[in-house]
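My entries follow the order in which I looked.

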Amino acid sequence: MRKRFFCVSVFLFCLIALCACNVSAMSSLSDISRPYTGEYQCEKLSLGGEDLTENYEYIKLALGYGGDFKLSYRDNRGREGGYSGEYSVSEEKKEITFKGKVGLRNAERSFPMEKGAILIDFNFRGKLLHAEFRMP
């Protein structure tokens, strides 16, 4: 009898707890899982229409779960470099926004995300810089 009372009590407690939750206030599954986190490889890189992909051994973009990013590269001469900052993703707008320091000022740029790829297009010294990052 005690066992049955205990089971019914636990069931009622769980039912009350679930009914008291505001489902609309809960995060979506993608907010929790953040499927866009991970390491992306640069598959295309061009400046002013000139393909620069062959000039680099790798260009990687790592998106961390906590909202930090790191861009790293190594060119064919063995020179390495990188850049880091913070990012945020808007699933409604299907875009990613990068924030970081450039010299003494803060910079912020948003780019579209399509079919799991990050597409970067912006004016760099009067020429169009185009890059596409995808997960391997």
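The entries below go from the whole chain to single residues.

**Conventions.** I am working with a predicted model, in which local features need pLDDT of at least 70 and side-chain atom pairs count only at pLDDT 80 or more, while totals for chains, interfaces and linings use all residues. I number residues from 1 along each chain as its sequence is written, and side-chain values use heavy atoms, with hydrogens and water left out.

**Confidence.** I looked up pLDDT (the predictor's confidence in each residue, from 0 to 100) and found a mean of 83 for the protein chain, with 76% of its residues at 70 or more. Over residues 5–27 pLDDT stays under 50, and the model has 2 contacts beyond four places in sequence for them; a contact here means heavy atoms within 4.5 Å. Where pLDDT is low, the predicted coordinates should not be read in detail.

**Overall layout.** I noted 2 helices and 9 strands in the protein chain, taken as DSSP runs (helices H or I, at least four residues; strands E, at least two) and numbered from the N terminus. Along the sequence the pattern reads α-α-β-β-β-β-β-β-β-β-β. Of the 136 residues in the protein chain, 24% are buried, where buried means under 20% relative accessible area, exposed over 50% and partly exposed in between (1.4 Å probe, protein chains only).

**Core.** I then turned to the largest nonpolar core, which has 19 residues, and those with the most contacts inside it include Tyr40, Leu61, Ile118 and Phe133. Such a core is a set of buried Ala, Val, Leu, Ile, Met, Phe, Trp, Tyr and Cys residues joined through side-chain atoms within 4.5 Å. Phenylalanine 133, not counting residues up to four places away in sequence, touches several residues, among them Tyr40, Leu61, Leu71 and Ile118.

S3 and strand S4 (residues 68–75) run antiparallel and are joined by 7 bridges, with leucine 63 having phenylalanine 69 as its bridge partner in S4. In their hairpin, with 4 residues between the strands, glycine 67 takes a positive phi near 100°. S4 and S5 also pair in the antiparallel sense, over 7 bridges, and the partner of lysine 70 in S5 is serine 84. Their hairpin has 4 residues between the strands, and glycine 78 there takes a positive phi near 90°.

**Tyrosine 73.** I found tyrosine 73 in strand S4, and it counts as partly exposed because its relative accessibility is 32%. Tyrosine 56 is 17 residues away from tyrosine 73 in sequence, with the two 7.3 Å apart in space, C-alpha to C-alpha. Beyond four places in sequence, the contacts of tyrosine 73 include Tyr56, Tyr58 and Arg79.

Is serine 46 buried or exposed? I count serine 46 as buried because its relative accessibility is 17%. Serine 46 lies in strand S1 and, leaving aside neighbours within four places in sequence, is in contact with Asp51, Leu52, Leu128, Leu129 and His130. Serine 90 is in strand S5 (residues 80–90) and is buried, since its relative accessible area is 18%.

Methods. Two strands pair if DSSP finds at least two bridges between them.
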